[in-house]
Number of protein chains: 2
Amino acid sequence: MPSPNDTSGRRKQAALNDEAILEAAREVFLNDPRSPISDVAKHAGVGISALYRRYPGKEDLLRKLCHDGLRRYNAEAEAALAEPDGWTAFTGFLGRVVDADVHSLTVHLAGTFTPTPEMGADAARSGELADALVARAHATGRLRADVVTQDIGLVLESCAAVRVPDRARTAELRRRVLAMLVDSLARTGGSDLPGPPPAPGEFAWRWRRA
Amino acid sequence: MPSPNDTSGRRKQAALNDEAILEAAREVFLNDPRSPISDVAKHAGVGISALYRRYPGKEDLLRKLCHDGLRRYNAEAEAALAEPDGWTAFTGFLGRVVDADVHSLTVHLAGTFTPTPEMGADAARSGELADALVARAHATGRLRADVVTQDIGLVLESCAAVRVPDRARTAELRRRVLAMLVDSLARTGGSDLPGPPPAPGEFAWRWRRA
DNA sequence: GTAGCAACGGAACAAACCATTCCGTTCCGC
DNA sequence: GCGGAACGGAATGGTTTGTTCCGTTGCTAC
């Protein structure tokens, strides 16, 4: 009589599938949120019913993916705020978020489902955390004066746009772009950045249902 | 007996529609290349038949849009090469290409149609022109040493990723990102950019038929 | 050892979507 | 005025895709 927390056999297999499905869903839906759900199943190497056993419908899967991304973002931000140096916290945060492709998860998928109130709360918290991160970076004096919190969105968006078929290579190229951007954010002496800076809520339109 | 080059009446209206349709197609397909063709008609304020009178099918419209973008890119590059100063040529080129949203046109649409041989030739020419632009920028000594031609693709991709509902505002925000990136490209003293630089042809996969 | 059921694969179904065609209408050009 | 270029938009037919259904498998519990 194996325990409920099996480490092999049928239960174990099911647990593996849980992860395989989420992994496949990330892969497929980040590439194109409008992909058929059958592609996810194929990618995960399971049948369609394995998917429907876990999620009531496509939208629920999308929503979970996105919400997970949002939570990850907040977790990274909180971890970064624990860092003593404000500049390291700021740049480290950006790097980890870019590596985890969290921005695609939250932004690319937005609008493909109706959000829950809880997601709204988490999104609001994201804003606060980002504000804190930027404020602390400014306090170190190493962050360009005319950079605002919303510039983070601009930076992450730019990095997430880089994409090649190979995942590891994508990460490398994104790091290259991020390095350029951070390099520029660190210039405290140069000329001002052009245009009105991005305003709070200026990217919120994405969350409107498609 | 009005001349063939009418400036009013039916002919004129048709000519206006020509432009309205192209304009609408850019707007709609850049937002999502998989949009139904009826959306383009709606955006242009014409019926569907006005579209099919001009293009044999959806793919032809997509192809024209993309090819026009490619030609515009080459035209801008050639114009820039006429500029005496290599650095101004380089940065001016980037700015104009970003403003015209040419990168989305060529890259975002790639893979939605089967390319013509002529497009292949134009694409090859793009590569040569970009090489020349980068070489001249390097010659001025103002371009960071470890920047390669393909970094242009990275930069344009990053800028094109920025998007808000309002077109003029989108342009402003893209300019802001471009300013950051160019700012970094101009740093001749700092630390090296990470990772192997993008290789020639590394972005060619996009052109594979979807 | 074996009955029972959790988990599954994938065919089947119905609804939605969409490129393209078709036809009746309008009104400019001659 | 008449012929036809240009058009609006409904109709069509094929494809795509979310979801359901059913038969099978092989652990699990006793």
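**Labels and cut-offs**

Author: In chain A, confidence is highest in H5(A), at 98, and lowest in H1(A), at a mean of 90. These are pLDDT values, the predictor's confidence in each residue from 0 to 100. This is a predicted model, where local features need pLDDT of at least 70, side-chain atom pairs count only at pLDDT 80 or more, and totals for chains, interfaces and linings use all residues. Residues are numbered from 1 along each chain as its sequence is written, while chains are lettered from A and ligands numbered from 1 in the order in which they are written.

Reader: What does chain A average in pLDDT?

Author: It averages 93, and 96% of the residues score at least 70.

Reader: Why are H5(A) and H7(A) called oblique?

Author: H5 (residues 86-100) and H7 (residues 117-139) of chain A pack at about 135°, with axes 7 Å apart. (Helices are DSSP runs of H or I with at least four residues, numbered from the N terminus; axes are lines fitted to C-alpha atoms over the stretch in contact, and angles run from 0 to 180 degrees between N-to-C directions.) Under 35 degrees is roughly parallel, over 145 roughly antiparallel, 65 to 115 roughly perpendicular, and the rest oblique. An angle of about 135° falls in the rest, so the pair is oblique.

Reader: Which residues of H5(A) and H7(A) make the contact?

Author: A:Gly86, A:Trp87, A:Ala89, A:Phe90 and A:Phe93 of H5(A) meet A:Leu133, A:Arg136, A:Ala137 and A:Ala139 of H7(A). Contact means C-beta atoms, placed from the backbone, within 7 Å.

Reader: What makes H5(A) roughly antiparallel to H9(A)?

Author: H5(A) and H9 (residues 167-185) of chain A pack at about 155°, with axes 10 Å apart. That angle is past the antiparallel cut-off, therefore H5(A) counts as roughly antiparallel to H9(A).

Reader: How many nonpolar, polar and charged residues are in the contact of H5(A) with H9(A)?

Author: There are 5 nonpolar, 2 polar and 2 charged. Ala, Val, Leu, Ile, Met, Phe, Trp, Tyr, Cys and Pro count as nonpolar, Asp, Glu, Lys and Arg as charged, and the others, Gly among them, as polar.

Methods. Helix = DSSP H or I, 4+ residues; strand = E, 2+ residues; numbered from the N terminus. Contact = placed C-beta atoms within 7 Å.
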